[in-house]
Amino acid sequence: MRQLYIKQKVFSLSGKFTVKDQQENDVYYVEGSFMQIPKTFSIMNTARDEIALITKKVFSFLPKFFVEVNGREVLKIKKELSFLKARYTIDGAGIEVHGNWWDMDFQVIQHGKAIGKVNKEWFTWGDSYKVQILDEEMEAIMVALVVAIDCVKADQAAASSAVTP
């Protein structure tokens, strides 16, 4: 089992942050497109090769995010029409999220087998997530999934804070 930590820089306008291992070594770099359409987040390894890309669909009635790993679309996160509270679904790669993914406390299951766990770390400056990788072949997908969910949450927070007259 491998543990990774995703800590976003609280005041980063560009959306840049790193994913670290238990020894606090940089493992992945995440860079968001600032003021660009479509909004994207690129996840790169230490050699700066892109291993995953998250893209927010531009012209969509409800928000949709696409996750590509190694050039293949593997996941889609989309908002469902709901009047009581925000509901999202995750489609693709046989992946299911069990637990409270909105509060970043969940287990990731693929075809009935646990491949990882995510827990929000409290008492830290900014959002920090501990990602336990149970199936190392799924590491890139796990990291991309956590970043994508965080993108969805940030998008929802921005939409909620927009005040209409």
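**Close-up views of a predicted chain**

**Figure 1. Strands β2 and β3 form an antiparallel pair.** Four bridges link β2 to β3; strands are DSSP runs of E with at least two residues, numbered from the N terminus, as helices are runs of H or I with at least four residues, and two strands pair if DSSP finds at least two bridges between them. The model is predicted, so that local features need pLDDT of at least 70 and side-chain atom pairs count only at pLDDT 80 or more, while totals for chains, interfaces and linings use all residues. Residues are numbered from 1 along each chain as its sequence is written, and side-chain values use heavy atoms, with hydrogens and water left out. T18 has Y29 of β3 as its bridge partner. Four residues stand between the strands of this hairpin, where E24 takes a positive phi near 65°.

**Figure 2. E24 lies in the loop between β2 (17-21) and β3.** The phi of E24 is positive although the residue is not glycine. E24 counts as exposed, because its relative accessibility is 62%; the classes are buried under 20% relative accessible area, exposed over 50% and partly exposed in between, with a 1.4 Å probe and protein chains only.

**Figure 3. Strand β3 is largely enclosed by the rest of the structure.** This description holds because five of the seven residues of β3 are buried. Strand β4 (residues 40-45) runs antiparallel to β3 and is joined to it by five bridges. Y28 has its bridge partner, N45, in β4.

Figure 4. Y29 counts as buried because its relative accessibility is 17%. Beyond its neighbours within four places in sequence, Y29 is in contact with F17, T18, S42, I43, M44, N45, T46 and R48, where contact means heavy atoms within 4.5 Å. The C-alpha atoms of Y29 and D49 are separated by 9.7 Å, and these residues are 20 apart along the chain.

**Figure 5. Q3 belongs to strand β1 (residues 2-8).** With a relative accessible area of 12%, Q3 is buried. Its side chain makes a polar contact with the side chain of Q132, at 3.1 Å; such a contact is a pair of N or O atoms within 3.5 Å, and within protein one must be able to donate a hydrogen and the other to accept it, residues adjacent in sequence counting only if both atoms are side-chain atoms. Leaving out residues up to four places away in sequence, Q3 touches K20, D21, Q22, K130, V131 and Q132.

**Figure 6. A93 lies in the loop between β8 (87-91) and β9 (95-100).** This residue, which is not glycine, has a positive phi near 55°. A93 is partly exposed, its relative accessible area being 29%.

Figure 7. Of its 165 residues, 41% count as buried. Among contacts with a separation of 6 or more, 32% come from residues 24 or more positions apart.
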